[in-house]
Amino acid sequence: MNPAEYGRALYLLAKEEGVSKEILEQSQEVSTLLAQNPKYITLLDTPAVTSGEKLQLLDEAFGDLHVHLLSFLKILASKRAIYLFSKSYTAYKDAYEEDNNILHAYAVTAVSLDEKQSEALTSKLCRITKKNVVLHNSVDPSLVGGIRLQFNGKQLDASIEAQLATLRKSLKQSTL
């Protein structure tokens, strides 16, 4: 059983039905709940609980979910593979983001970016990448200044530390 294939299949069905965003949001919630409750995963994957009981447990816990997502969970439970849900969710999310031209960018700064800085950086990255950028900012107080960016498999280091290292290297290589 390949969880990535299952996740992509669920995405294709959701996309065809026009509910891909709804199922993405619900899947994220389910993934979080399952990660917080590993004993529930064990309960649904144990052979000691009958299939009927597992289906009833899923209906009770997740009855408000979109029917396709609930059915997906029931399929995983019937195969004793609920533990694979998070990997299926990741594949679903990847397919959704690829289809919707979404790119995640990670900015590390010495202090948190304010709203104006964040919007300016996001806008610039959108122009550069031609994608819908979702910017994640984390703070590293050891960073004196500048920014480190990671997106699309690339890492750009425009920190003061990196600039000083480049300057040191340049000075060492130059002859006086």
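## Close-up views of a predicted model

**View A. Lys 74 and Asp 59 form a salt bridge.** The closest N and O atoms of Lys 74 and Asp 59 are 2.8 Å apart. Lys 74 belongs to helix 5 (residues 67-78) and Asp 59 to helix 4 (residues 51-62), so the bridge ties together parts 15 residues apart in sequence. Lys 74 is partly exposed, at 24% relative accessibility. Asp 59 is also partly exposed, at 36%. The model shown here and in the other views is predicted. Four salt bridges are found in a search of the whole structure.

**View B. A salt bridge joins Asp 99 to Lys 15.** Here the closest N and O atoms are 2.7 Å apart. The pair links distant parts of the chain: Asp 99 sits in helix 6 (residues 85-99), Lys 15 in helix 1 (residues 3-17). They are 84 residues apart. Asp 99 is partly exposed at 42% relative accessibility. Lys 15 is partly exposed too, with a relative accessible area of 43%.

View C. Ser 20 is found in helix 2 (residues 20-36).

View D. Strand 1 (residues 102-109) and strand 3 (residues 147-151) are antiparallel, paired over five bridges. Val 108 stands opposite Arg 148 of strand 3.

**View E. Asp 140, Arg 148 and Asp 157 are linked in a salt-bridge network.** Within it, Asp 140 bridges to Arg 148, with the closest N and O atoms 3.8 Å apart. Asp 140 is partly exposed, at a relative accessible area of 23%.

**View F. A nonpolar patch lies on the surface.** Val 144, Ile 160, Leu 164, Leu 167 and Leu 171 form the patch. Together they have about 470 Å² of accessible area. Leu 164 is found in helix 8 (residues 160-173). This leucine, Leu 164, is partly exposed, with a relative accessible area of 41%.

Definitions and conventions:
Residues are numbered from 1 along each chain as its sequence is written. This is a predicted model: local features need pLDDT of at least 70, side-chain atom pairs count only at pLDDT 80 or more; totals for chains, interfaces and linings use all residues. Side-chain values use heavy atoms; hydrogens and water are left out. Patches are made of residues with over 30% relative accessible area and no salt bridge: like charges are joined within 9 Å, nonpolar side chains (Val, Leu, Ile, Met, Phe, Trp, Tyr) within 5 Å. Accessible areas come from the Shrake-Rupley method with a 1.4 Å probe; for residues, only the protein chains shown count as cover. A salt bridge is a side-chain nitrogen of Lys or Arg within 4 Å of a carboxyl oxygen of Asp or Glu. Helices (H or I, at least four residues) and strands (E, at least two) are DSSP runs, numbered from the N terminus. Buried means under 20% relative accessible area, exposed over 50%, partly exposed in between (1.4 Å probe, protein chains only). Two strands pair if DSSP finds at least two bridges between them.
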